[in-house]
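The text starts from one residue and then widens to the whole chain.

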Amino acid sequence: MPPLTQMKSRAWQRMLSGRRLDLLDPSPLDVEISDIAHGLARVARWNGQTSGDHAFSVAQHSLLVEEIFRRSHPKASADDLQMALLHDAPEYVIGDMISPFKAVVGGDYKVVEKRLEAAVHLRFGLPPHPSRTLKDEIKKADRIAAYFEATELAGFAPAEARKFFGQPRGFDRTTLMVAPLPAFEAQRRFVERFEAIEAARAQARKAAP
């Protein structure tokens, strides 16, 4: 695959909102939360290799990660919570690629992912990318979520999951929503949580000196 800078063709994705998003040069103006929620609710984690009547969607995973992050950081800003919720937002157009395959694909995937992340963040008035510290803390929440998804849904033994994701501390399966939701329900909950955080962000701006 030639470097993205040398590719002259344009890769468009038409969204149900009517937007047309260029995957190689995404514009924040073409990003809509309805498209993100719809797409993520229909992208399966673990390549669909999970138990249950429904796939465990990236939308539900995003909700789980944001909840874990919020409970781990009770003083986190609303901006930080929104970036936690949107941490996998690029997957609404590029899909969820399991980590071993990401390592094989390498740099071009990451370039596309980072451009999409920046477009999504800028659309909603967030920094293009989280700080290194914030990114690391969201990743910790991501790994906790992955541990419970792996052991509850994806057939991992606890010892095997600990090897890849570490041992979660301070969280219990009974307090987290891991049972797969229907796509429309995951989509609805994702939008509701996004809007709740947006309301908190607006309130914080009003209260700022």
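In this predicted model, Leu64 has a relative accessible area of 2%, so it is buried, the cut-off being under 20%. Leu64 belongs to helix 2. Apart from residues up to four places away in sequence, Leu64 touches Phe56, Ala145, Glu149, Leu176 and Met177. Pro90 is 26 residues from Leu64 along the chain, and the C-alpha atoms of the two are separated by 17 Å.

Once neighbours within four places in sequence are left aside, the contacts of Arg201 are Ala78, Asp79, Gln82, Phe124, Gly125 and Leu126.

**The whole chain**

The protein has nine helices and two strands. In sequence order the pattern is β-β-α-α-α-α-α-α-α-α-α. The radius of gyration is 17 Å, and the globule rule gives 17 Å for 209 residues, so the protein is as compact as a globular protein of that length. The C-alpha trace spans about 50 × 45 × 35 Å along its principal axes.

Of the 209 residues, 44% count as buried. Among contacts with a separation of 6 or more, 63% are between residues 24 or more positions apart.

**The nonpolar core**

The largest nonpolar core holds 56 residues, and the members that touch the most others are Ile36, Leu86, Tyr92 and Phe190. Two or more residues each come from helix 1 (33-40), helix 2 (58-72), helix 3 (78-85), helix 4 (91-94), helix 6, helix 7, helix 8 (158-165) and helix 9. Helix 7 gives the most, with nine residues.

Which residues does Ile36 contact, leaving aside its neighbours within four places in sequence? They are Val31, Ala89, Tyr92, Val120, Phe124 and Phe190.

**Aromatic rings**

The structure contains seven aromatic pairs. Two of them are set out below.

| Pair | Distance between ring centres | Angle between planes | Arrangement |
|---|---|---|---|
| Phe124 and Phe194 | 4.9 Å | 65 degrees | edge-to-face |
| Phe156 and Phe165 | 6.2 Å | 50 degrees | tilted |

The pair of Phe124 and Phe194 is edge-to-face because its planes stand at 65 degrees, and the cut-off for that class is over 60. Phe124 lies in the loop between helix 6 (107-123) and helix 7 (132-152), while Phe194 lies in helix 9 (residues 183-207), so the pair ties together parts that are 70 residues apart in sequence. Phe124 and Phe194 are both buried.

The planes of Phe156 and Phe165 are at 50 degrees, which falls between the limits of 30 and 60 degrees, so this pair is tilted. Phe165 has 19% relative accessibility and counts as buried, because the cut-off is under 20%. Phe156 and Phe165 also belong to a cluster, linked by ring pairs, that includes Trp46 and Phe164.

The charged end of Arg20 sits over the ring of Trp12, at 4.3 Å from the ring centre.

Conventions. Residues numbered from 1 in each chain as written. Predicted model: local features only at pLDDT ≥ 70, side-chain atom pairs only at ≥ 80, totals over all residues. Heavy atoms only, no water. Phe/Tyr/Trp six-rings, centres within 6.5 Å; stacked < 30°, edge-to-face > 60°. Helix = DSSP H or I, 4+ residues; strand = E, 2+ residues; numbered from the N terminus. Buried < 20%, exposed > 50% of the residue type's maximum accessible area, 1.4 Å probe, protein only. Lys NZ or Arg CZ within 6 Å of the ring centre and 35° of its normal. Rg over C-alpha atoms; globule rule 2.2 N^0.38 Å. Contact = heavy atoms within 4.5 Å. Core = buried A, V, L, I, M, F, W, Y, C linked by side-chain atoms within 4.5 Å.
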